[in-house]
Amino acid sequence: MRRKYRHGNKLIKGMYFLGLIGMILLIVFIYFGKNTNNIKKDYDFENIEKYWHLTKQGTENIDFTSLGSYMDEKKGVLSLYYQIPDLEDKQTLVYRSKDVYTKVLVEGQQIYETKVYESPYYNRSPGNIWNRIDIERRYGGKCLELQVYMVYDTNAITVDYIHLGDEADIIHSIVSVKLMAVFLSILVILIGIVMIFMQMVPVFQRKNKNKGIIYLGLYAVLVGCWSLLETNVLQLYMDDVRIVQLLDNMVMIVDNLPLILYLDYYYNLLERTLVRIYAYLQCGYILLCVVMQFSGKIDLHHLLKGAWICTFTNVVLLFACTIYFCYQFIKTNKLDKQVALQLLGILALIVTTFVSATNYTQVDTMDRAQFLRVGMLFFIIFLGISSQVQTYRLMEQGLKYNFVKNLAYSDGLTGVGNRTAYLEKLEKLEQQSENLSLGIVFLDINDLKQVNDQKGHDQGDRLICSAASIIQNTYGKQGKVFRIGGDEFCVLLEGENLDSCYQEATKEFYHAIDELNKEDNLPAILQIAQGFSICRTAKASEVNKAIAEADERMYSDKRRLKQIEKTS
């Protein structure tokens, strides 16, 4: 019957996950297979990149993907021309420029130039700017000139996404295209913050704190921030875009080392000399970037190649870890769940990081993080789950340890403390300050041997459990209960007003016994003798004296109960 249940359980789980996968595939097919021909987006603007020329006469078209090839490095200025059509109303010219200053002129009259915040610690370039210029109706039919001023070199010249039309529509279209990228970036940041928060905030801290999660969380936050900046959406709404560019460069420089620290936490990478030297070099490179930026001699833009070298090196390390995992799998012929999850995350990050780095070295795109953010999301999800698997194992081991420990110090029949726990408790109390007040209650079940002999030990155990329950629910509210013999219990009370605590608990104790005996479902009338004594100091001699007094008073009470039983 049990085997049939197991097979049924597996079938239910299999069918559920099959249905779940089916739902996901359904969404994917709907999204990518939807027919958009009957949906017309009523946007009032036009991409005008194809209408620009290198001369006013319009004899030579321009390829904006290789704009640097047209630049005269000696002059450092490139002029682009566009014939404005007749306009019915005022429109807006919107374009993105990166690492260049620009001016816009109409028939030789300047109507716009790049203006940015100044600081001795900024990069030389104005950053990644969305330029917005009002094109008045009276400019219709005239020649518009866009002057591009080189800041670094011809490889760092970018002007693209040139649109003319309604400004709100243009911005809406840009944001709508980047909405998913923004969402994923923010999600990665939030996941990273939660990882750090759960490990560093005291209320969530555990004995086996996983510092690797902190490094992974920091890496996720940094990559998520860089990914968000690379969407170029923030630049639409910020006045000081130079600080955004500086943040972009800074994050690229510092986001590699946390990944090494994360891998070192699990695989001790820094024990290897080459990896340790590489980590020192990375730290030195970061400090060098800080010094160079403060000095003003070289800004971070010129130092970004080092960041991408570190990124490529990290990819190599990740790949080496992957090869190591695969080797261990082949060697042991057993794939651990934790390792499998790490492999999936690492592979996703390797592929997307390599693609992103390759794109960066080839051409300056608007969003260099479009692949990396997806890979990063998979990476932190899989490695985060993997880390939690390890944490669960540690917790499971801790629970097993606590279970064994409880068995060693708990009475197996009643669940209260056993004699070992009682003796250790007394030893600890004797090691404390002498100003300790200790109340000792000794209790003994009457006629237990008679019940065991006449009705069996099962019935005797029922009587013991009933007695333990009453003692725990009354005296146990004031102190710790121990079963120190077959029919003997002891309660240790600590604190002040021990007499009143004892009196209050004793009233409840006798009332509970009377109520239980009225039910008449026990093998015998329950009678529990008890004796109480107070020790005002923690000296061993005084504790032993108080124990002897409580024991004597218990036996006196036992004789009293026997006498009542004979006369009734």
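The crossing of α2 and α3 is left-handed, in what is a predicted model.

Me: Why are α2 and α3 called roughly antiparallel to each other?
Reply: Their axes cross at roughly 155°, and angles over 145 degrees count as roughly antiparallel, so the pair is roughly antiparallel. As for distance, the axes of helix α2 (residues 167–200) and helix α3 (residues 211–230) come within 7 Å.

Me: Which residues in α2 and α3 meet?
Reply: On the α2 side they include V182, I186, I189 and I193; among those in α3 are I214, L218, V221 and C225. By class, this contact has 16 nonpolar, 6 polar and no charged residues.

Me: And what is the handedness where α12 passes α13?
Reply: That crossing is right-handed. The axes of α12 (residues 457–474) and α13 (residues 498–519) come within 9 Å and cross at roughly 150°. From α12 the contact uses S466, I470, I471, N473 and T474, while α13 brings A505, E508, F509, A512, I513 and L516. The class count here is 7 nonpolar, 3 polar and 1 charged.

Me: What makes the D411 and T414 side chains a polar contact?
Reply: The pair sits at 2.6 Å, and the cut-off for N or O atoms is within 3.5 Å. Leaving out residues up to four places away in sequence, D411 also touches V416, G417, N418 and R483.

Technical notes. Residues are numbered from 1 along each chain as its sequence is written. This is a predicted model: local features need pLDDT of at least 70, side-chain atom pairs count only at pLDDT 80 or more; totals for chains, interfaces and linings use all residues. Side-chain values use heavy atoms; hydrogens and water are left out. Axes are lines fitted to C-alpha atoms, for helices over the stretch in contact, and angles run from 0 to 180 degrees between N-to-C directions. Helices (H or I, at least four residues) and strands (E, at least two) are DSSP runs, numbered from the N terminus. Angles under 35 degrees count as roughly parallel, over 145 as roughly antiparallel, 65 to 115 as roughly perpendicular and the rest as oblique. A crossing is left-handed if the near helix is turned anticlockwise from the far one by less than a right angle, and right-handed if clockwise. Contact means heavy atoms within 4.5 Å. Ala, Val, Leu, Ile, Met, Phe, Trp, Tyr, Cys and Pro count as nonpolar, Asp, Glu, Lys and Arg as charged, and the others, Gly among them, as polar. A polar contact is a pair of N or O atoms within 3.5 Å; within protein, one must be able to donate a hydrogen and the other to accept it, and residues adjacent in sequence count only if both atoms are side-chain atoms.
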